[in-house]
Structure formats: structure tokens, C-alpha cells
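Here is a short report for a first look at this structure. Start with the view below, then read on.

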Amino acid sequence: MNSVNVSGKILNLTKAANSNGTKVALGVIGIYRQKDETGKAKYDNVSFIGYGKIGDFLHDGDNVALSGNLNTYQKDVGLDYPITITQINVTHVDNFTPQSKPAVKDIKEHPSTGLDMSSIDEAVDQITIKDSDLPF
């Protein structure tokens with residue numbers, strides 16, 4: 001079975017669209033290997049590709065876990081023999097880097113009720129529930 005799970009840091013992320021208009025995310029994931037004899041950390045850099053919505057969960061510098069399968073192909077670079085490229089075809093992303101969220105004071109109104117949310121107490125005071133609103 002061709003299945004791979006890796007975790008590391010996203011490097012050199014490029015988001016584009018292919019000729020069919022499908023979103024494509026290309027990049028490299030730096031996977032911690034071990035420390036060398038001097039104590040310096042070593043990393044393996046493996047290229048990956050993700051199609052469609054996968055790119056929405058990938059950001060340069062994020063710590064992620066990628067799941068997918070290995071894909072290899074040969075590329076002619078003008079030498080006597082073509083080189084073999086190995087990359088991860090990403091099917092699932094777990095992003096461990098916290099994404100920025102708006103602060104509570106930046107929220108002007110509640111998305112579903114439209115109430116002013118600048119003060120929670122004021123918003124609670126504005127809610128009026130009638131007996132006819134209750135399901136029982």
C-alpha cells in the first residue's frame with residue numbers, strides 16, 4: 001500500500017492553478033531527522049503537491065502533518081539520463097500552527113443575530129425571549 005505520513009515545517013510554498021483551473025499547492029516539507037555529531041539538527045526536505053482545497057490549509061512556515069501517497073516521475077534536465085523526482089501527493093493536512101483570529105473587541109456584530117457585540121453585557125441585555133419562541 002502506498003501511504004505516507006510526515007510532519008515538519010512547510011518551506012517554499014507556491015500556490016497556483018494548472019491548465020484546467022484546479023488550484024495547486026507546491027512546496028517542500030522539512031522533516032526532522034536527527035542531530036549530527038556536533039549536535040546540529042538535520043532535516044530531510046521532501047517536495048509535496050496538493051490539489052484543490054488542500055492549499056487552503058497550507059501556509060509557508062507552518063508546522064503540519066501531511067498524509068498522502070508517494071509519487072515518482074522522471075524529468076529530463078538535459079543530461080545523459082533523466083533524474084527521478086519523488087514527491088508526496090497530499091490528501092490530508094493537520095495544521096498545528098495557530099492561525100490569527102480576530103480579537104473579541106474587533107467583532108462588531110454577531111453573525112447570526114446581528115446584535116452589537118462590542119460589549120457582551122449589552123448583547124445579553126438586548127435578547128428578549130417570549131413564550132411563543134420556545135419549542136415546548
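Which side chains meet in a salt bridge at 3.2 Å, N to O? They are those of Asp 56 and Lys 23.

## Model and confidence

This is a predicted model. The protein averages a pLDDT of 83. At least 70 is the score of 77% of the residues. Among the elements, β4 has the highest mean pLDDT, 94. Helix α1 (residues 120-126) has the lowest, 53.

## Salt bridges

The structure holds 3 salt bridges. The pair of Asp 56 and Lys 23 links distant parts of the chain. Asp 56 sits in the loop between β3 and β4, and Lys 23 in strand β2, 33 residues apart. Asp 56 is partly exposed, at 36% relative accessibility. Lys 23 is partly exposed too, with a relative accessible area of 42%.

Asp 56 also meets Lys 53 in a salt bridge, at 3.8 Å from N to O. Lys 53 is exposed, because its relative accessible area of 61% is over 50%.

Another salt bridge joins Asp 44 and Arg 33, with the closest N and O atoms 2.8 Å apart. This pair links strand β3, which holds Asp 44, to strand β2, which holds Arg 33. The two residues are 11 apart in the chain. Asp 44 is partly exposed at 31% relative accessibility. Arg 33 is partly exposed at 41%.

The ring centres of Tyr 32 and Tyr 43 are 5.8 Å apart. Their planes stand at 70°, so the pair is edge-to-face. Tyr 32 is partly exposed, with a relative accessible area of 45%. Tyr 43 is partly exposed as well, at 48%.

## The nonpolar core

The largest nonpolar core has 15 residues. Those that touch the most other members are Val 6, Ile 29, Phe 48, Leu 58, Leu 66, Val 90 and Val 93. Two or more residues each come from β1 (4-17), β2 (23-35), β4 (63-75) and β5 (83-95). Strand β1 gives the largest share, 4 residues.

Leaving aside residues up to four places away in sequence, Leu 66 has several contacts, including Val 4, Asn 5, Ile 29, Phe 48 and His 92.

## A backbone detail

Asn 12 lies in strand β1. Its phi is near 50°, a positive value in a residue other than glycine. Asn 12 is exposed, with a relative accessible area of 59%.

How values were computed: Residues are numbered from 1 along each chain as its sequence is written. This is a predicted model: local features need pLDDT of at least 70, side-chain atom pairs count only at pLDDT 80 or more; totals for chains, interfaces and linings use all residues. Side-chain values use heavy atoms; hydrogens and water are left out. A nonpolar core is a set of buried Ala, Val, Leu, Ile, Met, Phe, Trp, Tyr and Cys residues joined through side-chain atoms within 4.5 Å. Buried means under 20% relative accessible area, exposed over 50%, partly exposed in between (1.4 Å probe, protein chains only). Contact means heavy atoms within 4.5 Å. pLDDT is the predictor's confidence in each residue, from 0 to 100. Rings of Phe, Tyr and Trp (its six-membered ring) pair if their centres lie within 6.5 Å; planes under 30 degrees apart count as stacked, over 60 as edge-to-face and the rest as tilted. A salt bridge is a side-chain nitrogen of Lys or Arg within 4 Å of a carboxyl oxygen of Asp or Glu.
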